[in-house]
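Work each one through before you read its solution.

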Number of protein chains: 2
Amino acid sequence: LDYQHVQVPFEITLWIMLASLAKIGFHLYNKLPSVVPESCLLIFVGLIMGGIIYGLNDKSPPVMDSDIFFLYLLPPIVLDAGYFMPSRPFFENIGTILLYAVVGTIWNVFGIGFSLYGICQVKAFHLQDVSLLHNLLFGSLIAAVDPVAVLAVFEEIHVNEKLHILVFGESLLNDAVTVVLYKLFRSFCEMPTIKSVDVFAGVGQFFVVGLGGVLVGLIFGMTAAFTTRFTKDIRVIEPLFVFLYSYLSYLTAEMFHLSGIMAIIACSMGMKRYVEANISLKSHTTVKYFMKMWSSVSDTLIFIFLGVSTIGENHEWNWPYICFTVIFCLIWRALGVLVLTFFVNRFHVNTITSKDQFIIAYGGLRGAICFSLVFLLPDFRRKKLFIAATTVVILFTVFVQGMTIRPLVDLLAVKRKRESAPTVGEQIHIRFLDHLLAGIEDISGHWGQYYWKDKLEYFNSKYLQKILLREYDQPKSSIVLLYEKLERKHAIELAEAGQLGRAPSHPSLLNNDRTVITDKKLEDTVNPDVLENIQEILARNLYRIRRTGPAYSRHTLPGETEPGEHPQEILILRHKSL
Amino acid sequence: LDYQHVQVPFEITLWIMLASLAKIGFHLYNKLPSVVPESCLLIFVGLIMGGIIYGLNDKSPPVMDSDIFFLYLLPPIVLDAGYFMPSRPFFENIGTILLYAVVGTIWNVFGIGFSLYGICQVKAFHLQDVSLLHNLLFGSLIAAVDPVAVLAVFEEIHVNEKLHILVFGESLLNDAVTVVLYKLFRSFCEMPTIKSVDVFAGVGQFFVVGLGGVLVGLIFGMTAAFTTRFTKDIRVIEPLFVFLYSYLSYLTAEMFHLSGIMAIIACSMGMKRYVEANISLKSHTTVKYFMKMWSSVSDTLIFIFLGVSTIGENHEWNWPYICFTVIFCLIWRALGVLVLTFFVNRFHVNTITSKDQFIIAYGGLRGAICFSLVFLLPDFRRKKLFIAATTVVILFTVFVQGMTIRPLVDLLAVKRKRESAPTVGEQIHIRFLDHLLAGIEDISGHWGQYYWKDKLEYFNSKYLQKILLREYDQPKSSIVLLYEKLERKHAIELAEAGQLGRAPSHPSLLNNDRTVITDKKLEDTVNPDVLENIQEILARNLYRIRRTGPAYSRHTLPGETEPGEHPQEILILRHKSL
C-alpha cells in the first residue's frame with residue numbers, strides 16, 4: 001500500500017465525491033429540498049463530518065484554507081454567475097446595484113464597526129482591549145453580502161428578476177469595496193500612525209481596484225473571443241479557452257491586488273457574445289454544462305467545508321459581542337437599504353416596493369468569503385473572538401434567514417419570476433422600444449442608458465464584430481437564433497415522437513393542404529397588386545433581419561441595402577415550398 | 001505585484017494555454033499537419049522552449065515530473081482511450097492483443113536486455129560496468145510501446161480497424177507487464193542475492209497486477225453505473241461521476257501497486273453502456289466532449305514537456321550503446337511480431353497479412369511512459385546514459401517512424417479504415433450472425449467467443465441491467481437508438497434548411513400522397529389474408545425489438561411474450577399515420 005504517493009489527488013477526488021453524493025442524497029427525498037435550502041443541509045453534513053473528525057482525533061478538524069477557497073473554489077462560481085448573468089436587467093439596474101454595493105457596503109462597514117466599538121466600551125463585557133480599528137476591520141469583513149450564499153438561496157425561491165439582480169449584483173460588485181476596506185484597515189492596524197494621506201489613497205484605491213479589475217477582465221475577454229476565431233479545425237479544445245482565459249483574468253487581477261471577481265465577471269460577460277457565435281453548438285453545450293457542473297461542485301464543497309471548519313477550538317465565545325454583531329448586521333443593513341432605496345425611488349419611475357426592500361435587506365446573507373477573510377487576519381489576541389462571531393453570523397444568516405425567506409416570500413406575495421420565456425413577439429417589441437427610446441434620448445439630448453447602449457451596439461457592429469467574429473458577414477439576429485432554436489427543438493420532439501415519418505426527406509411532398517388553402521384564400525381576398533407589394537416588403541425586410549443582423553444604425557436607411565441576390569434566394573425558397 | 005500567491009495555478013494555466021495555442025497554430029497552415037504528425041511538431045515546440053530556457057538561465061530546464069505525468073497527465077488519455085474503445089474489434093482480437101502485450105513485451109525486454117549486455121562486453125565501448133540486471137532493467141522500460149505516442153500517430157493515418165486495435169490494444173495492455181518487470185528488476189538491483197523464489201513471485205505478480213487492476217476498475221465502473229441511477233433530479237453533476245469514479249479507480253489501483261491503466265480501461269469500458277443509458281443526452285455530450293478535450297490537452301502537454309526535458313545536461317552520450325539500443329529495439333520488435341503472428345495465423349481464419357505485420361512492427365512507438373520511468377530509476381553511475389538512450393529512442397521512433405509511417409501506409413496500400421458508419425442493414429446482419437454463431441457453438445459444444453458473449457449478454461439483461469439501469473423496463477436496442485439518432489439528425493437538418501415548415505405540428509396533415517399510394521399498391525397486389533398475416537408478424541416482431549431490446553435469449557420462444565397492449569398501441573400509431 002502506497003498511500004503517500006496518491007494522497008493529494010485521492011483526497012481531492014474523495015471530497016468532491018462526498019459532495020456530489022451528498023447532493024444526490026438530498027434529492028432522493030423530494031420533500032427535503034423544498035423546505036430546507038441545500039446550503040443548510042450541506043453545512044449540516046459538514047458539521048457532522050467535523051464532529052466525527054473531532055471526536056476521533058481529539059483535535060480540531062482541518063480548517064478551509066483561504067488560498068484554496070480564493071484560488072480554486074470561488075472562481076468557478078463567479079465565472080458561472082458572470083457567464084449566465086442576465087445582461088439586460090443587470091445593465092438596466094446598474095446604478096442601483098452600484099449604489100447598494102459601494103455606498104451600502106461602506107455604510108454597513110462603518111455602522112457595524114462603530115457600534116461594535118461602542119459595545120466594547122461597556123465594562124461588563126470585558127472587551128475594552130478591542131480597538132476601533134480592529135472593530136472596523138471586523139466590520140469590513142462581516143459587512144459584505146456573499147455571492148455564493150445569495151445564489152444558493154435565491155436560485156431556489158424564484159423571486160422576480162429585478163429583485164434577484166439587485167441582491168445578487170450587489171453581492172458580486174461589493175467585492176472591490178470589501179477588498180479595499182479590508183486591506184486598508186489591515187495595513188492601518190500594523191501602522192504606528194495613520195496620516196490623512198493614507199485615507200485619501202484608500203479612497204483612490206476603490207477606483208483602481210474596481211475599474212482595474214474590469215479592465216483586466218475585458219482585455220482577457222476580448223483576447224478569448226479573438227482566439228476562438230481560429231479554432232475551426234480543432235473544435236475539441238474550444239471550450240477550454242473560455243475557462244482558461246477567464247481563470248487567467250482572475251489570477252492576473254489577484255496578482256496585481258485588483259478585484260478578481262470584477263475581472264472574471266467582466267471577462268465572461270464580455271466574451272460570451274462573441275465566443276458563442278464562434279464556437280460550435282456542441283462546444284457551447286459543453287461550456288454551459290461544465291460551467292454549471294463546476295460551480296455546483298465548488299458551491300457544495302464550500303458549504304461542506306464551512307460546516308467542517310466550524311467545529312473545533314478556534315473560537316472564543318464572548319456572547320455579548322457575538323449577539324450584538326448579529327443584531328447590528330441586521331439593523332444596519334435594513335437601515336442602509338431603506339435610506340438608499342428612498343433616494344433610488346426618487347429618481348426612478350419603476351420604484352422598488354417596500355416588500356422588495358424587505359427581501360433585499362433580509363437576503364443579505366453572509367458566507368464563505370467572510371469566513372476566509374477572518375482566517376486571513378494577522379494573529380492578534382482577539383482573532384478567535386472574531387472567528388466565533390463570523391461563524392455565528394454566517395450560520396445565523398444561512399440557517400435562520402435562508403430557511404425563513406421562502407415562507408416570507410410566499411407570505412408577502414412578492415412578485416415571482418415569470419416561468420415562461422419571452423415570446424418572439426415580446427422580444428421584437430422590446431427591441432423596437434429600445435430603438436425608439438434611443439432615438440428619443442438622442443433628440444432630447446439626454447444621454448441615458450438607451451443612448452449609450454445604442455452607441456455601444458454601433459461600435460460593436462462597426463469594429464468589434466469584424467475583429468472578433470469568424471464569419472462576420474453572417475451575424476444572426478437573436479430573434480432569428482431563437483427561431484432556429486425553437487425549430488430545432490420542435491424537429492427533435494417530432495422525431496422523438498415518431499411523427500416526422502419518412503415524408504420530410506422529400507421536401508416537395510411536404511407542402512400540405514392547409515398552406516395551399518391559406519395561400520389561396522389570401523390570393524382571393526387580397527388584390528394582386530397589394531399582395532405583390534406585401535411580398536416585396538417581406539422579401540426585403542425579412543431577408544434583412546435574417547442576413548444582416550440586428551445592427552440598427554441611425555446612419556443608414558432601410559432601403560439602402562442593395563437588393564442583389566436576396567429576392568432571388570427568397571424566390572427559390574418559395575418555389576421549394578410550393 | 002504578488003506573484004508568489006498565484007504562482008501554481010497561474011503557471012499551470014499558462015502551460016495549458018501555450019499547449020492549446022500551439023495546437024491552433026499548427027492547424028492554421030493546412031499543409032503542415034498532413035505531412036508532419038502533431039506529436040513531432042509539439043516536441044519541436046518543446047525543444048525550442050527548452051533551448052530558450054537553457055539559453056537564458058544557463059542551467060538545465062525543469063524536467064517533466066514523473067509524478068505529474070502518472071497522476072495527472074496520463075489518466076485523461078487512458079480514460080479517453082478506454083471510453084471510446086471500439087469494444088467489438090477489441091474483444092474479437094483480445095487473444096492476439098494479449099499475446100503481443102504479454103509474450104511480446106517479455107520477448108522484447110529479455111531480447112534487448114541480453115543483447116545490450118553483449119554489447120557491454122566489448123572492451124572498446126568502455127561499458128563493462130553495466131551489469132546484466134541494469135541492462136534488463138533498461139530493457140524493461142524501453143521495450144514497452146507507448147499508448148500516447150501510438151494514439152497520436154495512428155489516429156492520423158486511418159489504417160483499418162483491426163490493425164489499429166492490435167497496436168493500440170497492445171500498447172495499453174502491456175502496462176501490467178512493464179510495471180511488474182520494471183519493479184522486479186529494480187528490486188533485484190537492490191538485493192544482494194536473488195533467490196529462485198523471487199523469480200516465481202514475479203511471475204505470480206503478473207496475474208495479480210493485471211487482473212487486480214481489471215477487478216478494481218470493474219468495481220468502480222459498476223459503482224459509477226449504479227450511482228447514475230439516482231441523478232435524475234440533478235442532471236448537472238452527472239458528467240462528474242464518470243470522471244470521478246474512473247480517476248478513483250486509477251488512483252486506487254496505483255495505491256495498491258496494481259496496473260492503473262488496466263483499471264481505468266476496465267472501469268470506463270464497464271460503465272459506458274449503463275451510464276449512457278442513465279444520463280441525459282446533454283450530459284452525455286458534455287462527457288464525450290470534455291473527455292476528448294482533456295485528453296487532447298494532456299497529450300499536447302506531454303509532448304511539449306518531452307521536448308523541454310530533452311534539453312539539458314542530464315545525458316551521457318555513449319554513442320555505441322545508444323545506437324545499438326535503437327537497432328535492437330527495431331530488430332527484436334520485428335522478430336517478435338513475425339514469430340508471434342506465425343502462431344496467431346495458424347489458429348485464425350482471418351489472418352494478419354505481411355503488410356499488416358510490417359506496420360505492427362513499425363508502429364511500435366516509444367513515448368512519455370519510458371521517459372518517466374527512466375527518471376524514476378534509483379541514482380546509480382550510468383543513469384545519465386540510460387536517460388540519453390531513452391531520449392534518443394523516443395525521438396527516433398516519434399520523428400523517423402512517426403513521419404514515415406504515413407507514406408509507407410500509402411506505398412504498401414495497407415487496407416484503410418472504412419469511412420462510412422455501418423448501415424442499419426449491416427448491423428442487423430452482424431447481430432443475426434452473432435446469434436447464429438452462438439447457437440452453432442452451443443450445439444457443437446465449443447466454448448468460443450460467441451458462446452461467452454451470449455452468456456454475458458444473458459447475465460447482463462437478467463441481473464446487471466436491473467440493478468444498474470434507471471428505467472429498466474425500457475431498454476432500447478442499439479439499432480433503435482441508431483435509428484432515433486438518425487431521425488433526430490435528419491430533423492435538425494430539415495429544420496436548419498427551413499424545410500420543416502409549420503406542417504409537422506399537425507401530425508394529421510403529414511400523411512403525404514406517396515405513402516397512401518404505396519399502401520394502396522400493396523393492397524392491390526397482395527392477397528388481403530396474406531397482408532393481414534404480414535401485419536400481424538410486423539406488429540408482434542417490430543414491436544418486440546422496439547420495446548424489449550436486443551436480449552436474444554435461448555430460454556424463451558419468440559411467441560412467449562404476451563400480446564397485451566402491444567398491437568393496440570401499434571394500431572393507434574397506424575391510425576395516426578393514416
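Angles under 35 degrees count as roughly parallel, over 145 as roughly antiparallel, 65 to 115 as roughly perpendicular, and the rest as oblique. The model is predicted: local features need pLDDT of at least 70, side-chain atom pairs count only at pLDDT 80 or more, and totals for chains, interfaces and linings use all residues. Residues are numbered from 1 along each chain as its sequence is written, chains are lettered from A and ligands numbered from 1 in the order in which they are written, and side-chain values use heavy atoms, without hydrogens and water.

**Exercise 1.** Classify the packing of helix α6 (residues 94-120) and helix α9 (residues 161-190) in chain A.

Solution. 
- Step 1: the angle is about 40°, and the axes lie 8 Å apart.
- Step 2: α6(A) and α9(A) are therefore oblique to each other.
- Step 3: the contact (heavy atoms within 4.5 Å) includes Ile97(A) and Phe110(A) of α6(A), and Leu173(A) and Phe185(A) of α9(A).
- Step 4: sorted by class, this contact of α6(A) with α9(A) has 15 nonpolar, five polar and one charged residues.

Conventions. Axes fitted to C-alpha atoms, helices over the stretch in contact; angles between N-to-C directions. Helix = DSSP H or I, 4+ residues; strand = E, 2+ residues; numbered from the N terminus. Nonpolar A, V, L, I, M, F, W, Y, C, P; charged D, E, K, R; others polar.
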